[in-house]
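My notes follow in the order in which I checked things.

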Amino acid sequence: MLQRPPQIQPFSFPSNLKIGDKTTFMCAIINGKPPFTIRWLKDDMELDAKSISNIQIVKGEIYSNLFLDPIDSSSSGNYTCEVKNRNGKASLSSSLNIQAPPEWLSVPKDVTALEGSSVSLQCNSKGSPLPRMSWTKLDGLNQILGNSSVLVFSPVERVHAGKYRCTADNGLGPPLQHTVTLTVHCE
């Protein structure tokens, strides 16, 4: 009788998971002869449920369930179920992309510059999907000046002085906004 290596039933993550949600998925062996050794990896590193508080792994003879509760920002990644028996091994992977509202990586800071020099205003955020960044000059017209994390003035002129608002928005939760002041000194 031909002994076959294990075969895993396909699995995938739901696409709309957010921070605070919970999820589970099963690595089920649909072919091959026991005994099996089953292990979970995240981003090619073996998962140790004892050292990660929001992960639980429950194993049976022909399956392993991975529970994430609660999902946090570090839960995103590529998860792999690896199964071995004496006739070979199989693995199957699925990516988990968590939806997360914007968070500041660096909060914009006030800037003082000398007229004629080059200056930039910066604000950086993260989130999933990646937030759209924009800059608005708060001068009554409130024009959007740029759609990036950096607003560059080269050369900076006296008319550039004023308050600027950086906005990070990915449609999840309220947009992040921070206002900075650009002060321009003349020689």
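How many residues stand between β5 and β6 in the hairpin that they form? I count three residues between these two strands. Before going on I note that this is a predicted model, in which local features need pLDDT of at least 70 and side-chain atom pairs count only at pLDDT 80 or more, while totals for chains, interfaces and linings use all residues. Residues are numbered from 1 along each chain as its sequence is written, and side-chain values use heavy atoms, with hydrogens and water left out.

**Entry 1: the annotated spans.** I looked up the UniProt record, an unreviewed entry, which places the feature "domain: Ig-like" at residues 6-97 and 102-183; such positions are given in the numbering used here, feature names are shortened, and annotations may be inferred rather than shown by experiment. Residues 6-97 are 0% helix and 52% strand, with the end C-alpha atoms 28 Å apart. Residues 102-183 are 0% helix and 57% strand, and there the end C-alpha atoms lie 28 Å apart. Helices (H or I, at least four residues) and strands (E, at least two) are DSSP runs, numbered from the N terminus.

**Entry 2: the four-stranded sheet.** I then traced an open, antiparallel sheet of four strands in the order β1-β2-β6-β5, where two strands pair if DSSP finds at least two bridges between them. Its edge strands are β1 (7-8) and β5, each pairing on one side only. Strand β5 (residues 55-59) is joined to strand β6 (residues 63-68) by five bridges in the antiparallel sense, and I found L66 in β6 as the bridge partner of I57.

**Entry 3: N54.** I next turned to N54, which lies in the loop between β4 (45-46) and β5. Is N54 buried or exposed? With a relative accessible area of 10%, N54 is buried, the term meaning under 20% relative accessible area (1.4 Å probe, protein chains only). Its side chain reaches the backbone oxygen of P70 at 2.8 Å. Leaving aside residues up to four places away in sequence, N54 touches F67, L68, D69, P70, I71, D72 and S75, contact meaning heavy atoms within 4.5 Å.

**Entry 4: the five-stranded sheet.** I followed a second open sheet, of mixed pairing, through five strands in the order β10-β17-β16-β13-β14. Because β10 (111-114) and β14 (144-146) stand at the edges with a single partner strand each, one side of each is left without a neighbour in the sheet. Strand β16 (residues 162-169) and strand β17 (residues 176-185) run antiparallel and are joined by seven bridges, with T167 opposite Q177. Strand β13 (residues 132-137) pairs with β16 in the antiparallel sense over six bridges. I noted R165 in particular: T136 stands opposite R165, and R165 also stands opposite T179 in β17. The hairpin of β16 and β17 has six residues between the strands, and G171 there takes a positive phi near 85°.

Key
Buried means under 20% relative accessible area, exposed over 50%, partly exposed in between (1.4 Å probe, protein chains only). A polar contact is a pair of N or O atoms within 3.5 Å; within protein, one must be able to donate a hydrogen and the other to accept it, and residues adjacent in sequence count only if both atoms are side-chain atoms.
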